Structure formats: structure tokens, C-alpha cells
Amino acid sequence: MVFSSLPFLFFYLTVVLLVYKLSPLKLRNLFLFLASLFFYAWGEPVYIVIMFLSTAIDYTHGMLVEKWRANDKKARMAVASSVFFNLAILFFFKYWDFLMGSINAITGWSLPLFGIPLPIGISFYTFQTMSYTIDVYRQDAPVQKNIITFGTFVTLFPQLIAGPIIQYKSVAEQLMHREEGLGKFVSGVERFSVGLAKKVLLANAIGSMWDAFLAMSGEELTVVGAWLGLAAYAFQIYFDFSGYSDMAVGLGRMIGFEFMENFNYPYISKSIVEFWKRWHISLTNWFREYLYFPLGGSRCSKGKWIRNILIVWVLTGIWHGAGWNFLLWGLYYAVWMLAERLFLGKYLEKLPAAVQHVYTMVIVLIGWCLFAVEDMGHLGRYLAACFGGAQFISANTLYYLRTYLPMLVILVVASTPAVKKLWNRQKENVRLVVSPVLVLGVLILCTACLVDASYNPFLYFRF
Amino acid sequence: MKLRKTMQIVTAAVFCIFLYGFGIAHILLPDETFSPVENRYLQTMPTFSWQGLKDGDYTADLETYLEDQFPLRDGWIGLKTRYEYLLGKREFGDESRGIVYVCGDKLISKVQKNDRADQNVNYLSQLVEKTDIPVYVAMIPTAAEIWRDQLPEGAESMDQWAYLEQVKDTGAIYVDVGGLLAEHSDESIFYRTDHHWTSLGAYYGYAAFMEALGVTPEALGEKTTVSTDFNGTLYSTSGVHWLTPDEIDTYVSGEGVTVTVNDGQTESTHGLYVEENLIGKDKYTYFMGGNNPLYIIENPNAATDETLLVVRDSYADSLAPFLSQQYGTIYMIDLRYYRTPVADYAASIGADAILVNYSVENFQKDDNIIFMGQ
């Protein structure tokens, strides 16, 4: 089930909130566990097995780490085993067909492909469960002895399918004691509404423009059109993804959780390094804490450091999907990260801010092109169009520019902290009175858009 | 402090009342099976099965059910369309239902070139070769071509004139419908909320055909307005509900004309017009009665007692009244439902002429044109 859908809003969420708030405190985790399983089973009931499997495996490994606390070698074995199982699940469902297919293509062998659909959100929750055993081993969090409580962590529906990627240590305490109350509930409602509006009113609205440009052949594309299309995709993925994270944070607050922020206005960045501090923060944090630092981070020889950067970014790339374009996308960012850290950054800082913004956005947009166009031939044609391999502009490009112009202006403004600043500048009384009006407005417009759901994609099926 | 508490309660209440209110209303309100506004059947409550659950069909149907049966559905769709229009959007609908441009006071359907387009022209050439009966082709460029200057600036639509050039080379006798329509493009020759031509547009089609036959066309008769609240197919697919409905006019009385309908199983007869269809949604079916495999139109008072075979799409429904003035007997077959080799069929009914009458849009994408080549 996805948040931005009628079944979720009008049936799932209403029932879950009602029963949850009526349940005695002791039973709330059990109920959340069951409700989350239902949430996950909605699209692919069979994969509920993965939820049980994940819960059982990681619960056991946590206990083993605790048991072998005195014997570091054994405890490490337990951590390694847990990581192995999680990666095995991820590898089997997500990468097997890609890897075997590639080997078959190169060697002419016929290794078996399974063609099984990717379980939704698998990259998000395997990373979350991996963090558990490691956190317990590092004594960043206590072991969880109650399997229901642990199951609640594994399956928690607000961030199960599209992040943020929660590290166990950040919610360990909340799993047992959560502060609830009217204030927190209302702030959850407000945050959820912001996210819903971003997804339904902004991301979906501009997504159709990207689809139009993506579908164009080499002859129809223009230079302006190609860049316009990439801008549309950049807006779509940002508002879709950050909208999902906002909804997750909002839903979490409604039931007493406080999740980390996942986006911080990435498109105002002045360098690629800064961009990745603002984009999908929970993923970058995860890789930093559980991979980059253990590898030695930057506190090692230059050669090793370059190796570490490459490893992290290749993995970041294919985390987003099993495909060559995602690998390319990861490498692309590895190169820019290295370049900025090694020499480019120094020069960049001296340039006017506007130039730094343009520099960053051009790199990010080309990055999205690698990310979004999965067919290599088409990718080549599209990039060629971006850099002058097409007519400059056409009447049709102008048609799209004209009919999407008001939306593009809204998206540009919404990508900056301007709206938030304006909101915070208002007196508290004004904010209090306007808030329910805005919430109602968002609900009305989003319902209208969802009832006629001709365009409401879920972008993370490949993640 | 007091205000904060009060307003927090208000915000929470707004959120809850909205979600619970519509959720409960959804359950309580009776389900509809057909939407007159959208002109389609709605998803009803799916029946549960373990297999369906396992395949994901059950939950997918349930989601469609919740959307289709949502309280005030038509109102929500109207609101969405208005909101998007306000933000500058000018094309509505989708690839499967068709893209519709909003062009001021009218809706125009975008025509996209189909992969079959070229092959279908070949099938027409084959028909000409296969039969000794003269084949006339009256291909109708749609509103997207005749009224191209009214499309949103820069909006794409297939080059129908170029396609008509291909049609001219088939060897069929070319009826210049497009030329005459273009001459009269400032008149109401297409509906504003439906993709079909109006009776006036059809009259020019008839006049072009008579010209090709070397016959002087009958003058346009007196106009009778039979409906003033026709919301057509484009109204349904676009969700644009704020335009003035169309009127449906006729110019031929149809007195003494009988239409025999064969719907594949039974035969029945009625006149040129089906009065009761003016009550329903799809009022265009007032002409002839809607999509059927075969119509036989007989008019003892026609100018000649010749027999005409019309191979056609639904545009021919409003052309038929004018044709019935000329031909004593007209067979109208729709290849989508009457799948038969055209040349043999024409011979079997003793046709004096064959008229291929399609809109460019339908002809180039129809996968049954192959029967013309057989």
C-alpha cells in the first residue's frame, strides 16, 4: 500500500489510528506489528514471509551478540552472519537476475534467472535490520529481548517502503516509551499534509511532463526540451521522495515516534559534497556509519581513501536499482566527490554563489539523466540533445514550457526554504489559525487528484 | 495558550472528520454500476478469492473499486480538472482513453499516428484491386486538423493532410471531404464536446461525395434541433465539465426510411433516428442507434434505386440521413463487429458502389481494416 492512495488515507489510516489510540499501552506494539504486516501484505501477500524471516533472523543474531559479548571473536561472527543473511536476501531478490543476466550476456551461458518481482521496500528494510545487530554489537543500543517489539521495528509501516532508513539506535528507546499527546499528533498531521501535498500536488503534476520528454525520439527532442525534461524529473523525484519522507515523519509523530529528517533543500546546494549532505540523508548516514568509517574513511592513505569513496558510491549507485545506469550514476558521483575534495572545491569556493549553484545543478541534472534513462542507447541520444545534438527549441517545447510554467515557478519556490521562512515569520496565533485551513485545503485537493488517479506512480520499485 | 490548545483540537478535528467522514460515507452510500458522466462501467465490489489475493488482483480491484465508488466522484474529478486548468494545463485524459486539448470553448481530441497507419492504406489499395465495383474513399480529417489553429499553440497532433495524400494514391476514387470541411471551418462542423462531426459537417461530407459522383447534392434542409444538452465523449474523457453542452441538429426528416439493424443475433427495424437515445448519456447514438455490425437503410423515395455499401466508423451514422436521399438501399458495415472480406461482401449484396467512410483517426489505427485487403 502507498500513502498517497484512497485505501490508505480513508480506510487503513483511519482504522489503524482509532484502534491504536484505543489499545492499552502494552498492546500497542503488537497492534502496530500486525497492522504493519497488513500494510506490507497489501500488494504482494506472499512477501510477508520476508518480514517474518527478517524479524526472526535479526532477533536471533541480536541475542547471540549479547550472549557472546565476552568473546569478541564470536560476537563478530554473529554480526558477520547477520550482515550475510540480510545481504543474501537483498542479493537474491534484487541482484540475482541482473548479475546472472549480465554474465549470460557476456559468456553465452544460461545461468538460471528467476524473474521474481522485487519485494517493495526491500533495500530500505534490509538496511534497517542490518543496523540493529551492528548497533547492539557496538553497544550503541541495548539488545531487544521482546520479539514483538523487535518485529515492530522491522515492519513499522510509516518508513517501511520508502525510508527514511532508521538506524536501530535512534528508535531503540522509542520502541518502548513513546511520548504522545495532542501537540505531537497535530504536528504529525501538519507534516503528513505537507508530504501528501508534495507528492500528489507537485511531484505527480510535473511527472507527466518528464514522461512526455522521455518518450520523445531523437528528432522530437530539442536542447531546451531536454533540459526542461531533466528539470521536470529533478522536481518529480525530489518532491516525491521528500514528500514520502515527510509523510513518514508525520505518521510517526501521530503514533508517537520521532524519525530523522531525510532531506534538507538539496537543490540550494553550492557543491556536490553539499548536495549529498542534503539529499537522502538517512542513506548517506547509513553508508558513512556502517561502511565508510569501518573501511577507514578518510583517515588513511590517499589511495585507500579513494578506494573507500569508490566502494561507497558504487554501492550507493546500485542500491538504487540493479542496472548499469545506476552503477554509472554511482561512479559519476564518486568522480565528482573526489574531484571536489582533491582540487575543484578550492576553486569553486572563490566563484560567485550563482555560478556555484549553476555548477551544482548542471551536474545534478546530468546525474538524473543517468539515473532515469535506463536504456543506454536512449541515454546517449538524450545526453546528445542536452549538449546541442538537436534543434535548439521548437513550438512543441514552447507548448510544454507555457502549459507548465506556473507549476515550474511553484516548484522552484518550493525547492527553497522561502516558504518555510515565510511561515516561521508569522505570529504564532496566525499560524495556529491558518494551519487547519491549509490542512483542509491539502486534503480536498489531494482527494480530488487521487479519485481520478490516472497518474500516481510509485517511483521506488527499483530501490 | 488557550488559543493554541483550541486550534490544535480544530486541526486534529479537521483531519479526522475529513478522513472518517468520507470513509464512512463511502461504506454507507450505495454503489453505482455505470457512470453517465464518464460514460463507462464502474468497478463494483470485487469478490474475494485466495487466488486473487495471491496474484494481487484482489487488492488492485479493491483499490479501483474505492476510487470508482468514492462519494461525489464526479465532483472531485471536476475539481481536479479545474485546478489543473488554472495552473496552465491544457491537455487532459491519458494515453489509453485518449488525450484531449482544451481549446477555449471546445475540446479537441489529439490524434497520434499509429504503427498500423501505413499498412491500412495498403489494405485499401488491395480492396480497389480486388473488386470491379467502384470504390470511393471519403476520409474525414478530424477537428484536430481542420481546427488546428485553435489548438493550444505548439500542441502536437498527427499531420492528417499528409496521410490523406497517401490515401489519394490508393487507386480509390478520392472524395475531397477535407477540402470542403476546410472551406467551412468557421461553421459548427464538429461538436465542441464530442469527437464526431455534426450533421452540418456530415452534410459537407455528403456534398463532397455527390460531387465525386457527378451528382448535384440536395440543398441543406431545414434545421431541427433535437437536443441542447449533449455532453459528448470528450466531455467524459477530459473531466472538463464547464463548457456549454452541444446541440444536436438534423436536416433530413427521414420520412419513409426504414433501418434494419442486425446486432449479430437479432434483427429489428426503426427509423433513421432513435428518439429514446436522446434521454441517455451517449446522445450521438440518436443517429442510427449506435454501434452495430450491420445496418440496412431502405428509402423508396430516394433519387435512385441503386445499392451502396458503406464500410465505415461511427462518423457515418450522421452521414447516413443525407446518403439515404440518394440511394434506395444502403448497407453499412462496421468491420470491428462485422468481420468479413469486403470485396466478396460487396459482390454478394450486388452493390453498385462502395464508400469507405472513416475519420483519419480511426482508419489509421483500426486493426480490422485488414478485411479490406482480403
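Modeller: Two residues are taken to be in contact if their C-beta atoms, placed from the backbone, lie within 7 Å. The model is a predicted one.

The part to examine is the meeting of two domains in chain A. The domain assignment divides this chain into domain 1, residues 6-177, and domain 2, residues 183-462. Between the C-alpha centres of domain 1 and domain 2 of chain A there is a separation of 26 Å. Where these domains of chain A meet, 23 residues of domain 1 are in contact with 22 residues of domain 2.

On the domain 1 side of this meeting, the elements of chain A that contribute two or more residues are α1 (6-22), α4 (72-107), α5 (122-137) and α7 (168-176). Of these, α5(A) provides the largest share, with 4 residues. By class, the domain 1 side that touches domain 2 in chain A consists of 15 nonpolar, 7 polar and 1 charged residues.

The contact between the chains may now be set beside it. Chain B brings 41 residues to this contact and chain A brings 43 residues. On the side of chain B that touches chain A, two or more residues come from each of α1 (2-28), α2 (50-55), α3 (57-68) and α4 (73-86) of chain B. The largest share of that side belongs to α1(B), which gives 15 residues. By class, the side of chain B that touches chain A comprises 21 nonpolar, 9 polar and 11 charged residues.

Conventions:
Residues are numbered from 1 along each chain as its sequence is written. Chains are lettered from A and ligands numbered from 1 in the order in which they are written. This is a predicted model: local features need pLDDT of at least 70, side-chain atom pairs count only at pLDDT 80 or more; totals for chains, interfaces and linings use all residues. Ala, Val, Leu, Ile, Met, Phe, Trp, Tyr, Cys and Pro count as nonpolar, Asp, Glu, Lys and Arg as charged, and the others, Gly among them, as polar. Domain bounds come from an automatic or database domain assignment.
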